[in-house]
Amino acid sequence: SRTMPAEEFVAGWISGALGLILGHPFDTIKVRLQSQSKYRGIFDCAMQIYQHESILGFFKGMSFPIASIAIVNSVLFGVYSNVLLALTSTTHQERRSQPPSYTDIFIAGCIGGFVQSYCLAPFDLVKVRLQNQTEPKVQLGSLQPRYRGPLHCVSSILQKEGPQGLLRGSGTLMLRDTPTLGIYFVTYEWLCRQYTPKGQNPSSATVLVAGGCAGITSWVTATPLDVIKCRMQMDGLKGKVYHGVLDCMVSSVRQEGPGVFFRGITINSARAFPVNAITFLSYEYLLR
Ligand SMILES: CN(C)C(=N)NCCC[C@H](N)C(=O)O
């Protein structure tokens with residue numbers, strides 16, 4: 001029997017880290033737009049961050065995702081590839097000549113998405129909490145940010161909300177990622193096959209476009225629950241406001257209308273193309 005190929009995990013790590021650095025400023029703007037109502041839009045948000053927090057403001061909360069992207073992306077690609085191996089008995093190399101069915105790809109993607117979401121949850125929580133701190137990093141006087149950095153954020157959450165506090169929003173994250181990761185991999189494979197002669201490896205251009213489109217398609221479908229996840233993660237701060245995902249959805253729509261579900265969809269898509277194009281290109285390249 002084949003062992004779980006380690007190179008898939010390493011490929012997932014390196015490719016995820018490259019993509020993340022490229023996309024983090026977009027992600028910070030998205031998180032602000034989704035959980036704070038004081039910005040008039042993407043450009044206004046970007047200008048306010050730059051003016052009040054300097055260029056570093058765009059990279060707040062990035063240290064944990066860089067560390068975690070190693071685990072999260074390698075779990076995602078590793079689990080995906082190994083579930084496909086279990087379903088179709090073909091390794092990554094053999095799949096070009098014996099392409100798996102889209103059903104198998106969707107199932108493998110959903111399982112990969114489910115598993116990686118629980119690895120991602122604590123890191124994503126810390127990222128969102130740090131990204132939402134609008135005080136300038138070097139602030140004299142009283143207006144000190146609540147968290148001095150990722151580790152202080154973790155210890156503060158553990159003290160105030162207990163260990164389960166680190167899993168705040170993880171249920172919503174799982175609901176967001178499980179179906180959308182199935183869509184992610186199906187879109188990627190479908191587009192690769194459209195532009196690649198049967199049995200051959202896709203060209204770099206095909207991988208970039210297919211990966212970018214897979215990123216956009218999955219993030220467009222993920223945005224509604226992305227907004228709710230972000231609000232559930234910020235919930236623990238000013239006392240409990242929401243009593244679960246449904247309550248959060250209902251009260252968000254009541255207060256801000258159904259448009260609230262599409263907060264950040266533009267920036268999510270703009271960010272998702274390059275990030276996931278790079279992710280898939282380096283993943284394919286490293287595996288070859
Ligand atoms: C829609 N979702 C949640 C995804 N497509 N997730 C998998 C790719 C995530 C990638 N590191 C990124 O930041 O876009």
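Me: Which element gives the most to the shell around the ligand?
Reply: That is α6, with 5 residues. Helices here are DSSP runs (H or I, at least four residues), numbered from the N terminus. This is a predicted model, where local features need pLDDT of at least 70 and side-chain atom pairs count only at pLDDT 80 or more, while totals for chains, interfaces and linings use all residues. Residues are numbered from 1 along each chain as its sequence is written, and side-chain values use heavy atoms, with hydrogens and water left out.

Me: OK, and which residues are around the ligand?
Reply: They are Asn73, Arg176, Asp177, Thr180, Leu181, Tyr184, Ser218, Trp219, Ala222, Arg271, Val275 and Asn276.

Me: How far is a polar side-chain atom of arginine 271 from an oxygen atom of the ligand?
Reply: The distance is 2.5 Å for arginine 271. For asparagine 276, a polar side-chain atom lies 3.1 Å from a ligand oxygen.

Me: How much of the ligand's accessible area does the protein cover?
Reply: The protein covers 91% of the 380 Å² that the ligand has on its own. Accessible areas come from the Shrake-Rupley method with a 1.4 Å probe; for residues, only the protein chains shown count as cover.

Me: New topic! Where does glutamate 161 lie?
Reply: Glutamate 161 is in helix α5, residues 150–161. Its side chain makes a polar contact with the side chain of arginine 168, at 2.8 Å. A polar contact is a pair of N or O atoms within 3.5 Å; within protein, one must be able to donate a hydrogen and the other to accept it, and residues adjacent in sequence count only if both atoms are side-chain atoms.

Me: Is glutamate 161 buried or exposed?
Reply: Glutamate 161 counts as buried because its relative accessibility is 13%. Buried means under 20% relative accessible area, exposed over 50%, and partly exposed in between (1.4 Å probe, protein chains only).

Me: What about histidine 92, buried or exposed?
Reply: Histidine 92 counts as buried, at 14% relative accessibility. Histidine 92 is in the loop between α3 (63–88) and α4, and its side chain makes a polar contact with the side chain of glutamate 284 at 3.4 Å.

How values were computed:
A residue is near a molecule or strand if one of its heavy atoms lies within 4 Å of it. Helices (H or I, at least four residues) and strands (E, at least two) are DSSP runs, numbered from the N terminus.
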